[in-house]
Every structure is written in structure tokens, then in C-alpha cells.
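Me: I'm new to this one. Can you walk me through the charged pairs once it's on screen?

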Amino acid sequence: MENLNRWRKTRVLFSLLCLPPLLSQAQNPIISSQFTADPTARVFNEKIYLYPSHDIQAPKGQRQDWFCMADYHVFSSDNLVDWQDHGVIISQQDVPWGNPEAYSMWAPDCVYKNGKYYFFFPNAPKDGRGFGIGVATANSPAGPFTCEPQPIKGISGIDPCVLLDDDGSAYIYWGGMGIRGAKLKDNLLEVDGELKEFKFPERKDEAGNIIKMPAMKLAGDEMKGLPEGFKEGPFAFKHNGKYYLTFPWVRKENGTETLAYAMSDSPLGPWTFKGIIMAEHANGCWTNHHSIVNYKGQWYLFYHRNDYSPKFDKNRSVCIDKLSFNADGTIQEVKPTLRGVGISKATSPIQIDRYSSISGNATTDYVMAFMPQMGWQVTLQKGASVRYADVDFSGIKPVAVVRAQGNGTIAIRVNNKEIATMEVNAVRMSEEYTPTAKIATGANNIGDIEVVCTSGEVQIDWVRFLSENEEMPKAPQLSDYFDKTTTASATPDKDGFIRRWMLLEPISKKHMKEYSSNLNFTYQFMPQELGKEYYPGQFKKFPKDGQKVKVAASGQTLQWHALDSKRFNVKLFRFASGMKKQMYSVLFWATTIIDCDEEIKDVRLAAGSNGASMWWFNGENVLTLESDRRMVKDDGTSKRLTLHKGRNILRVAVANGPGMSDMCARFIDEKGNAITNYTIKTK
């Protein structure tokens with residue numbers, strides 16, 4: 001207790017120096033590393049695989065007020081909490097028939113049949129007319145995928161969805177000229193049936209002249225029985241012998257999209273409209289798009305909102321909530337939640353602002369209004385409370401940690417029992433540590449956590465508990481995180497992570513106004529700053545330990561240091577503080593040598609960074625992690641690479657604006673297993 005009290009007297013200092021643990025993603029939105037929309041969730045090999053579209057900032061020459069999508073990532077999870085990004089599976093440059101500069105890779109789908117995974121996606125064709133639906137195939141749900149040379153003949157539209165019926169028959173649905181559907185041949189690459197002539201209705205231009213469009217040969221038919229109003233994004237599935245066709249629908253004039261559905265006894269209708277699955281978003285986000293999947297006996301609705309981009313609803317983020325059916329098969333309306341689904345670990349920060357319930361004078365808002373991707377905080381005034389359900393209290397110490405600011409007191413409760421009280425008196429967010437009473441939880445150590453403001457006003461970012469093996473924090477030293485290299489070579493750790501690096505003292509970027517917000521670290525912005533040469537030979541010569549270089553842009557003379565990281569994640573922020581160098585608004589450079597006894601093909605660089613990063617392998621930029629991030633293992637993965645026999649060079653640049661930064665890297669094989677049969681050198 002004496003040590004704890006001594007710690008609390010200096011908590012503000014140490015809160016600035018100690019990086020909080022990784023965030024759990026058991027709340028909405030589920031993906032914070034990039035903008036994701038139009039989520040199609042599928043169950044393959046007892047995992048959920050998520051195939052969303054990928055919203056990005058529009059490059060110059062593209063509409064700045066419209067959707068912009070250049071590629072597809074796939075994510076997977078076995079607990080709906082921890083989502084692994086498997087990297088880019090298809091980009092617009094990979095599509096033989098597509099326009100490589102259309103930025104129109106909208107909502108996709110993926111199904112498994114004939115021993116292969118079939119990925120369906122829309123794209124604008126090279127001739128510039130309308131949209132086509134392409135197909136790419138793979139032997140794994142995470143790829144690599146290979147595109148078919150031509151789109152599916154007879155389909156002109158967007159947002160494909162494929163239903164595999166119980167007898168193996170396949171049906172495809174798409175948007176455009178209404179919602180249309182057709183049966184596919186067994187190869188899933190062709191429509192089963194004759195194409196039909198479609199005549200566009202006549203319309204007039206602004207001058208009143210009649211515009212006649214040439215007729216087209218189209219597959220399938222428009223789905224009958226659906227309500228009037230704009231519809232797109234169909235998702236079809238089967239449940240208890242009934243077919244469901246669900247779709248975004250604008251039900252009001254000048255309104256925004258709902259999610260609606262119809263039912264049928266046949267996969268292609270006719271359909272009986274049933275109603276709403278989810279109402280219009282309260283914040284006015286114009287679009288919604290979704291999928292519905294049963295995972296381990298529970299149905300889930302995947303959808304999107306613009307939580308991380310409140311002022312621009314063309315940058316969306318995927319959310320999940322539970323879905324239920326009535327006895328007659330109709331769907332109960334889903335109310336979007338902040339809490340989402342899944343079980344959060346008590347030893348990771350519990351984002352209490354993503355609450356299960358709230359009462360009294362309590363509100364939520366962004367931690368930094370100019371940086372929405374930093375997330376939210378909750379403000380509690382006296383008598384107000386916030387509750388977060390489904391927390392796993394396994395393996396904790398009886399010490400609570402709260403990141404808060406304000407002037408007041410709070411009580412922490414678990415399953416309605418008060419376990420601790422805490423004073424908060426800080427002008428900025430800092431970590432408060434306090435002992436707790438023994439925590440009594442329900443089955444499997446699962447319980448609810450509640451925070452109540454008992455006096456004053458307090459803003460809370462997150463709550464967590466120390467783990468059993470976690471020691472009380474202390475002021476960090478360089479030696480806590482790094483050792484000076486003393487051997488000629490090293491090997492990856494047991495999980496394949498590279499711990500030996502040549503680190504350059506941080507390059508100052510404090511005069512660049514763009515770094516006032518990490519949201520400026522976009523795919524367009526990053527190559528201009530992270531990828532440029534700051535001193536001669538930066539990309540061509542491998543540095544020596546102790547070598548000094550002159551950075552003309554900042555006027556700095558900086559030194560290289562050969563170090564072994566004591567952790568899988570290389571603490572760049574600690575490196576800077578240990579060297580007594582600038583820690584904020586800086587650019588870190590690191591490089592290492594990967595020495596192989598033999599050639600190793602079809603590997604991927606799996607990396608993570610807290611802050612944005614760019615990664616080069618043998619001189620080629622192979623991975624970019626954009627925007628503000630909270631580093632996790634395998635935060636992003638590269639395309640397939642070859643580790644050449646002999647010397648390979650890995651380089652990384654990491655941007656740190658107003659926060660902290662670290663990075664990690666390893667190489668993995670086609671199954672996601674770590675590659676370890678190489679050595680690591682710094683000379």
C-alpha cells in the first residue's frame with residue numbers, strides 16, 4: 001500500500017510516460033485502423049471472415065465529396081472481438097477488365113463452392129459504361145485471389161450477393177435498375193439462362209429534350225414485391241426454409257437509408273415485403289449496408305455508420321449488433337448500440353463510453369474533436385452513471401486503472417457491488433490507480449462494470465484492471481526496453497517477431513502543421529513525408545552503429561543505434577525518451593538485415609504500428625498503415641514476398657504526432673504461421 005500511495009503522488013508524471021495496454025475491439029465500430037463499409041460477413045472454417053469495402057480519402061482528380069474505394073481488405077475473427085487484417089486481397093489495378101483509376105470498388109461478397117472461394121465485386125469497366133460484376137477465386141478465404149479475365153456477362157450493376165441454396169444451387173442478386181436476381185451456373189462464373197432485352201424508360205434533360213438510351217441485354221429479372229423508393233445493396237439468406245431478401249431502402253422523400261427486408265418461398269421471389277430491420281441513422285449518415293450471419297448459434301447484423309467521420313458520411317466504419325427472429329420468422333428491428341457484441345477483457349482498456357446503458361447527467365463526446373479516430377470519452381456529473389456489460393475478469397489483480405480528468409469522485413461497481421472509490425483531480429487525461437475489493441463475478445468470471453460519479457464532474461476515457469503478472473508502473477528507462485547489440489546476429493523470437501533493429505534518433509517534424517492531427521497520415525499524404533529522402537543514401541546504404549547523418553530539412557545531426565528490443569513491439573517513443581530526444585511530432589526511421597540460408601517464397605510481412613507507418617522490403621514499398629492507429633500484432637499484411645537467399649533489407653518509417661508510437665514486424669507463411677529460419681543483423 002505504501003508503494004501504491006507513493007505512485008499516486010506522482011501519477012501525472014508517470015501517466016505521461018506509460019503507454020496504456022492495447023484496446024479491445026469488443027465495441028462499435030469494430031475496425032479502427034481504416035475506414036470500412038458495406039460489410040459482408042461469412043463463416044468459413046469456424047471463423048467469421050469480413051469482406052467490407054474500403055473508404056479512402058479521394059486523391060486529386062477525383063470527386064472530393066463522393067465515395068472513393070481502390071481495394072479490398074479481408075478481416076477475420078473467432079470471437080467477434082479481435083479482428084485480424086489479412087491485407088489487400090484485390091486492388092483496382094488487379095482487375096483485367098476494370099478501370100484502374102475508377103475508385104469504384106464497392107460492396108463485395110464471398111462464398112465457398114467447388115473447393116474454392118469465390119469473391120464477387122463491382123467495378124467500373126475500362127469502356128466507362130456502368131458497372132460490371134467481377135469474380136476472383138482463391139484456395140483460402142484470405143486469398144491470394146486471382147481475377148477472372150472478364151466480368152459476369154449480362155450483369156450491369158453494383159453490390160453483388162450470392163446465395164447458396166441447400167441443394168447446391170447458386171443465385172446472385174445485385175443493385176442497379178432496381179434489385180435484380182438470377183440463377184448462376186455451377187461454375188459461379190455465368191448466369192444460367194438467356195439474357196433478356198432491357199429497354200430504358202425515356203427521360204428528359206434540363207432543356208426538355210427526350211433522351212433515349214440504347215437497349216441492353218441483361219440477366220435475370222427485377223425482384224417483384226419490394227416497396228417503392230430507392231433500393232440497393234441486396235443481401236439474401238435462408239432461415240427455417242424461408243428466403244430473405246434484405247436491402248438498404250430510402251422510404252421517405254429526401255430521406256436516408258434504412259435496412260429493410262422481404263420474404264419468399266422461392267429464392268427469386270415473388271417477395272412479400274415485411275418491414276424494417278434498422279431505421280435511419282440518427283446522425284443523418286446517408287447510407288447503410290449490411291449482411292446477416294449466424295455464428296455459433298447467434299444471429300448478427302453487420303452494418304456501417306460514420307462514427308469516426310462525423311462530418312463526412314462517405315467515410316464509414318463497420319459495426320455489429322445481435323439480430324433476432326419472431327416465432328413467425330419475421331425479423332425484430334435492431335436498435336444500433338455503442339456496446340456492440342463480444343466479451344471485453346478487464347485487463348485491456350474498457351471503452352466505457354461505448355456503454356450498455358447510461359443514466360443521469362451523462363454525455364459522450366470525442367476525446368479530441370479534431371481527431372475523431374482517437375475515440376470517445378464519457379462525461380459524468382454527480383449522480384450520473386455508465387454501465388458496460390460482458391467483461392471477463394479472469395486473471396486480474398485487485399487494482400483498477402482509470403484514465404480520467406476533471407474534479408470529482410467516482411465509485412466503481414462490478415455486478416452492482418461497489419469495489420473501489422477514486423478521486424479525480426487532473427487538468428488533462430491521466431491514469432489513476434487504486435486498490436479494489438475482491439471482485440465477485442458470475443459464471444466464467446463474466447460481469448458488468450459500472451462507474452458512478454459521486455461528486456463534481458469527471459471525464460473518463462477508459463477503465464481497466466492490472467493483470468496478475470503486471471507490476472506497478474515506474475518511470476521508464478531506455479534499458480527497460482532495449483539492450484545494446486553485442487552479438488553478430490540474432491534470430492526472431494518464438495512468435496517470429498524481429499527484435500534487432502538499427503534505429504535513427506527521431507527526425508523533428510514539429511514545424512509541420514499537418515502533424516497537429518494524425519488523421520493527416522493518409523495514403524496520399526504519407527509517401528510525401530514518410531517516403532522521401534531526408535539524408536543522402538537513406539534508401540541505398542545500410543547505416544553503421546554510431547554513424548551520424550545530417551538531416552537538412554530539420555537542421556539536425558542524428559545518430560544511428562544498433563539495439564535489441566526487449567519486447568516484440570519496438571517502443572520507439574521509449575527510444576526517444578531514453579535518448580532524451582524529441583518525442584512528439586517526429587518521424588522514426590528503422591532498418592534491419594534479414595539474412596537467409598535459402599530462398600523462401602510466398603511469405604508476407606505482417607506488421608503493426610502505433611501511429612502511421614510505411615514499410616519497404618528490398619527497396620519496394622510493400623505495406624502502408626494509414627492514419628492514427630493503436631498497434632496490434634499483424635495490424636496489416638503485405639502482398640506475397642520472397643525472402644531471397646542471403647541479404648534482405650527491411651526498412652520502416654513511423655510517424656508520431658501528438659501521441660506515442662511503437663511498431664512490430666514478422667514474416668508469416670500462407671497459413672499465418674511465423675517464419676523463423678533466418679538471422680537478423682545490423683551490419
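**Salt bridges, pair by pair**

Reply: Start with Arg 63, which forms a salt bridge with Asp 65. Their closest N and O atoms are 3.1 Å apart. Keep in mind that this is a predicted model.

Me: Is Asp 65 buried, exposed or partly exposed?

Reply: Asp 65 is partly exposed. Its relative accessible area is 44%.

Me: And how many salt bridges does the structure hold?

Reply: It holds 32 salt bridges.

Me: OK, next pair. What does Arg 403 bridge to?

Reply: Arg 403 pairs with Asp 461, and the closest N and O atoms lie 2.8 Å apart. This pair links distant parts of the chain. Arg 403 is in strand β29, residues 396-414, and Asp 461 is in strand β31, residues 446-467. The two are 58 residues apart.

Me: Why does Asp 461 count as buried?

Reply: Because its relative accessibility is 4%, and buried means under 20%.

Me: Switching topic. Which residue does Glu 620 pair with?

Reply: Lys 639. The closest N and O atoms of that salt bridge are 2.5 Å apart.

Me: How accessible are Glu 620 and Lys 639?

Reply: Glu 620 is partly exposed at 36% relative accessibility. Lys 639 is partly exposed too, at 46%.

Me: Last one. Which residues do shared partners join into one network?

Reply: Asp 38, Asp 55 and Arg 316. Salt bridges that share partners join them.

Notes. Residues are numbered from 1 along each chain as its sequence is written. This is a predicted model: local features need pLDDT of at least 70, side-chain atom pairs count only at pLDDT 80 or more; totals for chains, interfaces and linings use all residues. Side-chain values use heavy atoms; hydrogens and water are left out. A salt bridge is a side-chain nitrogen of Lys or Arg within 4 Å of a carboxyl oxygen of Asp or Glu. Buried means under 20% relative accessible area, exposed over 50%, partly exposed in between (1.4 Å probe, protein chains only). Helices (H or I, at least four residues) and strands (E, at least two) are DSSP runs, numbered from the N terminus.
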